[in-house]
Amino acid sequence: MPGVVVRKGLKGGGGGNTFKNYDSHNASRQAKWRRAVEARGVVLALLLLGVRGDFAEEPGNVSAPLGGGVTLRCASLGGGTAQWARGGLLLGALPAPPHPRYRPQGDPHKGEHHLRIEPVTLEDDATFVCQVGEGNGTRPRASRPAQLSVLVPPGPPRLELPPGPWGGGGEELTARCHVSDARPPATLTLSLGGELLPDVSTRVFEGSNPKLSSSEATVRLRVGPEADGQELVCAAANEAGAAPAPATATLRLLVAPSSPSIEGLESPQVRAGETLRLLCLVRGGNPPPSLHWDKDGTPLPVPWVGAGPQTSSLLVLLVGPGDDGVTLRCSVRSPRPPPSPSASVTLRVTYPPSEVRIAGTAAVAENGTVVLTCTSAPSNPPVRLRWWLGGRELEASDGGSAQAEGRGWVTWSNVTLRGRREEHGKSLECEAESPGGTRSAGLPVSVTRPPQALWLEPLPPGPPLRAGGRLRLRCLARGGHPPPRLAWTKDGRPVRDGRQASLAEGSLTSRELLVTLTPSDNGATYGCEATGDPRGDPPRAQTRLRVLWALTVAPVATVPPQSVAISLSPRVPRPGDTLVLTCLAGSSNPVPSLRWHRRGHPVAGEPLSPVPSAHSGVTAGSLLRLPVTLGDHGDLVTCEATSPGLGVTVSAQHTLLLRRASPRLRVGPGPALAIGNVSRGDAGTYGLSCRNPEGVNHTSLRLRVLYPPSIVWAPDPVVVDEGGAAELLCRVEGNPLPPNCLRWARLVEAQEVPVPVAGSLVPGVGGGAVALGRLGVAAAGRDVGGSYECRVDTGVPPPARAVLRLVVRYPPEVEAGPSAVLVAPGGDSGRLRCRARGVPPPLLTWELRGRPLAPQHGRFQFHQYAEGPWTSSTLTVSNLTLDRARLRHQFRYWDQYGSRPRHQYRNWNQLEEDWDWEENRNRSLGTFDCVAHNPLGTSRRRLQLRLADPPDPPQELRVSSVTPTSLSLSWTPGFDGGLPQSFLVSARGPGAPPPLVAPGPALTLGGLLPATAYDVTVRGRNARGDSAASGVRVVTSGEDRKCGGKGGKRGVGGGEGKETRRKGGGSGGLRTGSGGLRAEVAPEMTPRVEYWKEGGVGRPEVGAWKPEVGAWKPEVGLWKPEVDGEEGEVEGEMHKSGGGEGREEPEVTS
């Protein structure tokens, strides 16, 4: 008979007591089968008169595979005919149509009456008898019965595991293996990682044919991280051979990875320029973790590779000076808590300075001193600075090191250099020494001596210097080392001209300057100095010049120095105007005299007072006033300037150009003035003069030009905060501008809504006017914002129009809506939508538990867009499968019923840091805040993303009590899918009640018939639908019997009425005495209870129960005491399953 092959290995879970009597039950069943076979043989022998002759060969028991062939051998000692019987029924003459698979074999004359059966079917699993007769009325002779056993190999096994993912922290995992239709029953073995599993419970039940059996094996495992990736194998075999392929399942557990380690850094001290190869290793983890490098918090783009049981990431880094002190961190990211671990290394980089700089000059006066400073670029560690002069080390006066602004150290050193003639030309060097090498910088030393004397050659004798002449100046110096550099200056400013040369004897140095005299040289001081002496002011010599010059002619448009120019006002005179001409002579020495000429004739002018000018000269001027007529057009006016003593005369001329009448103006014929193409500029007053020999008379006319309006200024947009005051302005120009020409209108959905207008008129240009329209808003509301039209119609087409926008700013407002958003059944993502309005348009962001979310944050992505005045944002939360599994896993720890005070018992872990009772109690996947913000304020709306799946099937359906007319059921609720659930209880059987809806996990069905079997199913139900059904078959008890014997006080057990009490949990059940019923309670169904005493101080451990006063009764999954009877009495009896003799048990099948 089938059994369970076990070997010491991975420890299984509980449940061993449920099927511990399977082998004894199977042995009893096999004995019954053998007795039935023997009984059939007896019946057959009686049918055959129980007389058997002698046989040469009788058929024996044989086994044959289903579909194969088998031969039953039978040979008699004499002749005669033979017939075969199967199961006590004769088969008749063979072959025959009713039995085409049966063929006789052998030679009947030799007494051979063999039977060949092919192919073998389950019908052939029976007892066969060979009977031989003479056929002359004598009784036939029967052989002994032979049993033909048909062997059927088991079908492919099937493994059933709870839906994943599975935790690897020691959680219990129940695995079931099924195999169907085998004969004899198949033997099932379960192994994990190649090791057979112990404590496997098996049961055998009828298959699809009464002659076939199906088997089921169940094991409970407590899996740890080491089981990740191992194969769970279920193998089935029986005596038929040809075992099917085993069923396998690979355990993929949520296993946290190990802490990372960093390899490849032998020492934290590295040199700049080296290439580091750091390998970050993590072992284990499912799903495989990802590795991420960062440098001082800045992510580095380094890939990671998962190979077998470990994940690695190689960081290749070229070390530079900037990496000194940086921390390289390798972080592990995995969906499995605890928080992601990390490993880090801190680099200490050594590097020499990139350069050495010497501040100052190595030019020093003889016997003088100069201080020079040597500074190194940042280095690590600090360098040592040394001074060298011509191979001789100098002692530094002071120095030191300081930490650089970024990283590294800056070192400086000062040295005092004294000027010695013999050290002239030598190299002064500063050398920096460091572990990474040396750097140096150098300067040549220059020792200087000033010249002994410096003088100018005297000016040549002769007449006074005049502008335009050439003058040679010469400067000489004696001595000096190195030879002095001579430089010329004019009035203290350097002069770039000149050529320097050394004389033949070498002790003199000279520099000449050739000057072309200009008026600016009058009174100028020319100097010569020897530069390059660091000890103080250089020696110098100087001389002062006196230069005479005359005037020159310049164009009218310019007035440069030493020129004559004429300016006039107005620039383009009209006939009848008085023209003012001004003649100015440029700077000169001595003062010139000015004269006017018109048409070649002298004209008297008005002299202007001389004004001192540049180069110690003076500027003279003269004024001429001329009334002009149309006949003066083209006249030539000349201004002459004469310098006394120099005999030089210069002049400037100007041709009078009068403004002529426009070609649009035509006079005549007759006393008329015609104006063509009238424009705004033609508006004004026109004068008319009449002249005859008797005299002159004048009159005037005013011309007004009408032109259409135009809007010249309209600020747009006008922005105001809600509740503030605003004013819209519209400035228009036109002629005429009547009082009611300007009108305001508000543009609302292409319709004009007139509004009041207030304006004012001010005088315009050219006979026109400027009107300023004002539209005021005292307390701006958001309803007055929009577009407004300023329209001006003066009667002169076309009218003018401008559209202005009034923008009323107000803080954001988020649209209200339901707070809960349900996820589609089985969906892997959820979408939250939020919209808000405000001016300016608000920016929408999302927060999770007060922490802002980035727009692209892996599983959180949101998109913002505009919908008219609204700004909308959608947040998509993806990868909800893990959250669904988390809620299903945590469901067992949640308080299912709000009536239980949470402080009385605790079946959940309240010490988790991120535990949110309200959120998890509501089956929420997350609470998100939609935040709308603009410069005027912030508004927010809270939304909950909630799971909404159909519920899981109820689990652990059990019978708590059975009576002849009722039965009480209880069960463990399956995951409610995120919505409130109830339970639909249905019963099938005679007189069964209609389906009932139970609010909790317990219900009593009444109105049943005694000693009747009922199939009861329970389904979970919520707003999304019903779950799959969990079923149980229960047989009600017979007629009521009185319990107990003598002396029983409150016990319901039979026998002698003894009361029994057992403490503690474990495997147990509640049963009645003789004539009652027994309902088994599987060990895993034992409720987990916390007991406490009102006002007491003690509290036993969770899971222990202790009777105090009264009896323990089940109420909605919670065991609690009732005050009833004497202390220490317990109603019923707690005992292990298996029962004792003489106790009747209810039939419970599932």
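These legends describe several close-up views of one predicted protein model. Residues are numbered from 1 along each chain as its sequence is written.

View 1. Helices (H or I, at least four residues) and strands (E, at least two) are DSSP runs, numbered from the N terminus. Of the 1150 residues, 39% count as buried. Buried means under 20% relative accessible area, exposed means over 50%, and partly exposed lies in between (1.4 Å probe, protein chains only). The accessible surface comes to about 61,900 Å². Carbon and sulfur atoms hold 52% of that surface. Such areas come from the Shrake-Rupley method with a 1.4 Å probe, and for residues only the protein chains shown count as cover. A contact means heavy atoms within 4.5 Å. Among contacts with a separation of 6 or more, 63% join residues 24 or more positions apart.

View 2. The score is pLDDT, the predictor's confidence in each residue, from 0 to 100. The protein has a mean pLDDT of 76, and 77% of its residues reach 70 or more. Where pLDDT is low, the predicted coordinates should not be read in detail.

**View 3. G69 sits in the loop between β2 (62-65) and β3 (70-72).** G69 is partly exposed, with a relative accessible area of 33%. Look past its neighbours within four places in sequence. Then G69 is in contact with R116, I117, E118 and V120. T121 lies 52 residues from G69 along the chain. The C-alpha atoms of G69 and T121 are separated by 9.5 Å.

**View 4. Strand β11 (residues 146-151) is mostly covered.** Six of its six residues are buried. A146, L148 and V150 point one way from β11. Q147, S149 and L151 point the other way. In a regular strand the side chains alternate between the two faces of the sheet. Which strands pair with β11? β2 pairs with β11 in the parallel sense, over four bridges. Strand β9 (residues 126-133) pairs with β11 in the antiparallel sense, over three bridges. Pairing requires that DSSP finds at least two bridges between two strands. P65 stands opposite L151 in β11. A146 in β11 is the bridge partner of F128.

**View 5. C74 and C130 form a disulfide.** A disulfide is a pair of cysteine sulfur atoms within 2.5 Å. By this rule the count comes to eight disulfides. The sulfur atoms of C74 and C130 are 2.1 Å apart. The angle about the S-S bond is -75°, and the link is left-handed. This pair links distant parts of the chain, 56 residues apart: C74 is in the loop between β3 and β4 (75-76), and C130 is in strand β9. C74 counts as buried, at 0% relative accessibility. C130 is buried too, with a relative accessible area of 0%.

**View 6. A disulfide joins C475 to C528.** The S to S distance is 1.9 Å. With -80° about the S-S bond, this link of C475 and C528 is left-handed. C475 is in strand β44 (residues 470-478) and C528 is in strand β49 (residues 525-531), 53 residues apart. Both C475 and C528 are buried.

**View 7. C834 and C930 form a disulfide between two strands.** Their sulfur atoms are 2.2 Å apart. The link of C834 and C930 is left-handed, with -80° about the S-S bond. C834 lies in strand β74 (residues 830-839) and C930 in strand β80 (residues 924-934), so the pair ties together parts 96 residues apart in sequence. Both C834 and C930 are buried.

**View 8. C741 is in no disulfide.** The nearest cysteine sulfur is that of C790, 9.2 Å away. C741 counts as buried, at 5% relative accessibility.

Notes. Predicted model: local features only at pLDDT ≥ 70, side-chain atom pairs only at ≥ 80, totals over all residues. Heavy atoms only, no water.
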